[in-house]
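Please open the model in your viewer and keep a selection panel at hand.

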Amino acid sequence: MFETLRQSLKIGVVTTSYPDTPAEVSRRARGKPEIDWANWRDARPAAAVCPTGAIECRDEAGTLAATRTATLDLGKCIFCGLCADVDPAIRMTPQCELAARSRQGLRHTAQYALNDNGTHQRLLATPPAAASAEALAAAGRELQTRIQSLLGRSLHIREVDAGSCNGCEVEIHGLNSPVYDLERFGIHFVASPRHADMLLVTGPVTRNMELALRKTYAATPDPRLVVAVGACGCSGGIFGVNYATRGAVDAVIPVDVYIPGCPPNPHALLHGILLAIGRLSPYASSPTAAPKSGRALFQNPAPPQD
Amino acid sequence: MNLLPALRSLLDELTHRFGAQFEDAHAPQPNELYLPVQAELAGALCSTFYKKHQGRLAGVFAEDARGGHQVFFVYHLYALDAIHAFVLVRVPVPAHQAELVSLTDAVPAANWQEREIQDLFGIQLVGHPNPRRCVLHDDWPEVFPLRKDFDLHSVLPPFAGPRHKFREVEGEGVFQVPVGPVHAGIIEPGHFLFSVAGEPVLYLQLRMFYVHKGIEKLFESLPIPHGVRLAESISGDSGFAHATAFCHAIERAAGVAPPPRARALRTLCLELERLANHIADFGAICTDVAFVTAQMHAMRLKERVLRVNEELTGNRLLRGMAGLGGVRFDFDPGQIRLLAELADDLERQCQDLVGLMRSNAGLRDRLETTGVLTPKVARDLGVVGIAGRASGFDHDLRRDFPDDFYDQVQFTVPVFTEGDVYHRVEVRREEIFQSFAILRQVLARLPAGPITAEVGEVPPDRVALGYVEGWRGEIFHWIHTAPGNRLTRCKVKDPSLQNWPALSEAIMGNIIPDFPVVNKSFNLSYAGTDR
C-alpha cells in the first residue's frame with residue numbers, strides 16, 4: 001500500500017491539457033499530406049504509389065480541352081507518406097486533427113487542364129469545401145445546440161470493432177490512460193450499447209460482423225451518435241470492399257463524424273469525439289487555433305473564423 | 001543445392017528410409033527445404049519429424065495450382081528448432097477429387113488450419129475429427145474464396161441457411177453463458193460460449209473469424225510494394241513484425257540482402273513493439289484482477305514508448321517504417337540519443353512497476369495456479385510464443401532462426417513449466433528486460449551505411465518463407481511470386497491462430513470471473529487469426 005502511494009506521488013500528474021493546448025505530437029509525425037495544388041504538375045506518380053487510392057486522378061476529354069480531376073481523400077489515406085517520397089508538391093505535416101462531419105468534408109479535389117504528355121498545367125478550379133460553408137455552418141450550429149441539450153456534459157461511448165486490425169483499438173485504449181484521461185470530460189466507455197449515447201466504430205465492416213453491428217446500433221437508444229474511426233471505418237481503407245468486407249461503416253449504419261488516421265492517435269480521436277458532441281467549434285480549422293479555457297468548451301461556439 | 005549440413009544429412013536419412021522419392025527436393029535457402037512428395041508419404045514424414053527430429057508442425061496451408069499443375073498443393077511446414085531449419089512438405093491434391101487425409105488426429109495443432117483449407121479451397125480433409133466450418137461462418141454460401149476462379153470482389157448473396165449450432169454440454173445444473181462478438185471492453189470481436197456448472201467452467205467453445213477480411217486473397221491482387229502496407233494492417237499491435245516478415249519473404253525471393261544498418265534498425269523497432277505490448281499487457285492483467293493503479297502506470301509507460309516510436313518513425317505504431325530491402329526512415333544522432341535515454345529511463349520505471357506488482361500479495365494470489373496450460377497440452381496444440389514459453393516450450397525464432405541483427409546480440413529466452421497466468425507474466429517480465437539489453441547492444445554497435453537495398457521487380461515463380469518472432473510469438477509469411485511483380489499466394493500465419501485452442505484448455509475448471517485475466521495473459525490477436 002505504501003509502495004503504491006509512494007509511486008503515485010513520485011510521478012505526479014501526467015495528463016495532457018489538450019484541447020486547451022496544442023496536440024503533443026512530434027514534428028516528425030505523419031499527419032495530413034499538404035498538396036501544393038497551384039503548382040502540382042503531375043498527380044499520376046503519387047496516385048500510382050498510393051496503396052489505398054487516397055490520391056486519385058481522373059481524366060476527361062471535354063469539349064474544349066482535356067481536363068484532369070485530382071482528388072486527395074483523407075478518409076482513405078493511411079498516412080504512409082509514399083506520395084511525398086515521389087512528389088515534391090506533396091509534404092507530410094504533423095496535423096492530426098482531421099475529423100469531419102461529412103465524408104465529403106474529407107475529400108479535396110482540384111481540376112486541371114491536361115497537357116498532351118499527360119502532365120497537367122493550370123489549376124482550373126478547386127471546388128472548395130467552403131462552397132456551402134454558410135449552409136454547413138448553420139446546420140452545424142443547429143446540430144450542436146440539439147446535441148448539447150440532449151446529452152448535456154456527459155457522454156457514454158460503446159466501442160465496436162466491426163473488423164479492424166486492432167490498431168485503432170490500441171489508440172482508443174490510450175484515451176483511458178492517465179495521459180489522455182477521457183473521464184476528465186465526463187466521457188466514459190460503457191460495456192453495453194444499451195447504456196451508450198455514442199458508438200465508436202472501427203472498420204472495415206466485415207461480412208461476419210455486419211449483423212452484429214446492425215444489432216448493436218439497434219440496441220443503442222436514440223438519440224445516438226455514430227463516429228467512424230480510422231481509414232477503414234471512414235472508407236474501408238486498404239481492405240476496401242471485397243467478398244468478406246462491406247467497407248466503410250456508413251455502408252451499414254448512418255455516421256455522424258469521421259475520424260481519419262491509420263490509426264488516428266488519441267488526440268485525433270479526442271478531437272473527433274468532441275467534434276461529434278459539439279464541444280469543439282467545427283468551423284475553426286483546428287480546435288487549438290484559438291485557445292480556450294476548459295470551461296469555454298461547454299459554452300456556445302465562437303462564430304466561424306473564416 | 002546449397003543446404004545446411006544438418007539438413008543435408010536429414011535429407012540423406014529420409015532418402016535412405018523412404019527410397020528415392022525426394023528427387024524434386026529443392027532448397028531456395030540453405031535452411032529451407034522443400035519436399036514435393038505424394039500424399040501417401042505425408043503422414044509418415046510427419047511422424048518422422050515429430051519422433052526423430054524434435055520437429056513440429058508450424059503451419060499447414062494450401063495453394064491453388066490448377067492453372068499450371070492441375071492440382072492443389074497442400075504444404076506442411078515443419079520447424080526443426082534443434083537444427084535451425086524448416087522443411088516444407090508439398091503434397092498434390094487432384095483437382096477432380098479434392099481430398100487429403102487429415103493430420104489433426106495425430107497432430108491437434110493442425111486442427112483450425114485444416115478446417116481453414118476446407119473452407120477457403122474446398123479441399124476435404126478426410127478423417128478430421130471436427131470438420132465444421134470456421135473461417136466462413138455457417139450461413140455463408142458455398143464458395144471457396146482462395147480458389148483462382150473466385151473473384152476477390154464477388155458480391156455474395158445475403159446470409160442464408162442455418163445459424164451456427166453450438167456444442168451442447170448437458171447435465172444437472174449446467175447452463176451456458178454466451179459472450180460476444182461485441183464484448184464489454186475495447187477489444188476485438190469473437191464469440192465465447194461458456195458451459196458452466198456453478199462457478200467452474202466445464203467447456204469453452206470459441207467461435208472466431210468475425211473479422212475475416214479476405215487478406216490473403218487481397219495480397220494476390222496487389223503489386224508487391226503495396227503488400228507491405230497491407231501486411232502492416234494484419235494485426236494492429238504487431239504491424240511492424242508482420243510487415244517485416246513479409247519483407248523478409250520478398251527479399252529472399254528477390255535474392256536481395258538488406259544492408260546491416262537496416263537490419264539493426266529493424267531489430268530496434270521489433271524490440272520497441274515488444275516493449276510497448278508487454279508493458280501494456282502488464283497493465284491489462286493487473287486491471288483484470290482489480291489492481292488498477294499498476295494499469296495506470298503501465299499505460300503511462302506504454303505511451304512513452306509510442307511517443308518515442310513517433311519521434312523515430314513518424315508513427316506511434318511504427319506504421320510506414322517497414323520497407324522492401326530495409327526500412328524507410330533512418331535515425332539521426334538525436335533520435336538515437338532519445339532511444340538510448342528511453343532504454344535507460346524506461347528500464348528504471350519498469351523495475352518500479354515490477355516492484356509495485358510484487359508488493360501486492362493479492363495480485364500474486366490471483367495469478368498463481370490460474371489458467372494452467374500444461375506442457376503436454378501446449379506441445380500437442382503446438383502453442384508458441386509467450387504462452388508456449390510459459391508452458392515449457394523452449395523456443396524463440398530470434399535465437400533459433402536469427403535474422404536481422406539478432407545473431408549479433410546476446411539475450412536469454414525465459415522458459416517456465418508452470419503454465420499459469422503468473423508465469424505468462426513472468427515471461428513478459430524477463431523479455432522486457434532482455435529487450436532493454438538488446439536495444440543497448442544494437443545501439444552500441446549500430447552499423448553505418450545505407451538503410452535500404454534496391455528490390456526491383458521480383459522474379460516470378462519463386463517461393464520463400466519470411467519469419468519474425470513478434471512480441472506475441474512466431475509470425476510466418478509464405479509467398480509464391482507471379483509475373484508482373486505480384487504474388488500468386490501469400491500465406492499469413494499469426495501465432496494467435498495456433499494458440500487460441502489452448503485458451504479453451506487453460507480455462508477449464510477455472511471460474512468465469514477469472515476468464516478475462518486468463519484471456520489477457522494469452523492476449524491473442526483476433527485480426528491476425530481471422531485475416
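Where is the place of Ala110(B)? Select Ala110(B), and you will find this residue in the loop between strand E6 (99-101) and helix H4 (111-121) of chain B, where helices (H or I, at least four residues) and strands (E, at least two) are DSSP runs, numbered from the N terminus. This is a predicted model, in which local features need pLDDT of at least 70 and side-chain atom pairs count only at pLDDT 80 or more, while totals for chains, interfaces and linings use all residues. Residues are numbered from 1 along each chain as its sequence is written, and chains are lettered from A and ligands numbered from 1 in the order in which they are written.

Ala110(B) counts as buried because it has 24 C-beta neighbours inside 10 Å (buried means 20 or more other C-beta atoms within 10 Å of the residue's own, exposed 12 or fewer, partly exposed in between, with C-beta atoms placed from the backbone). Leaving aside neighbours within four places in sequence, show Leu57(B), Val60(B), Leu103(B) and Thr104(B), with which Ala110(B) is in contact (C-beta atoms, placed from the backbone, within 7 Å).

Next, colour chain B by its domain assignment, which gives domain 1 (5-126) and domain 2 (215-530); such bounds come from an automatic or database domain assignment. The centres of the two domains, taken over C-alpha atoms, are separated by 27 Å, and 17 residues of domain 1 of chain B are in contact with 20 residues of domain 2 of chain B. On the domain 1 side, strand E1 (26-29), strand E3 (56-65) and H4 of chain B each supply at least two residues, and the largest share, six residues, comes from E3(B).

Now move to the open sheet of chain B, where three strands lie in the order E13-E14-E15 with antiparallel pairing (two strands pair if DSSP finds at least two bridges between them). Strand E13 (463-469) and strand E15 (486-493) of chain B each have a single partner strand, so one side of each is left without a neighbour in the sheet. Select strand E14 (residues 474-482) of chain B, which pairs with E15(B) over seven bridges, and then Phe476(B), which stands opposite Lys493(B) in E15(B).

Finally, display both chains: the contact takes 49 residues from chain B and 47 residues from chain A. On the chain B side, helix H6 (224-232), helix H9 (292-313) and helix H10 (333-358) are the elements that give two or more residues, and H9(B) gives the most, with eight residues.

Technical notes: Two residues are in contact if their C-beta atoms, placed from the backbone, lie within 7 Å.
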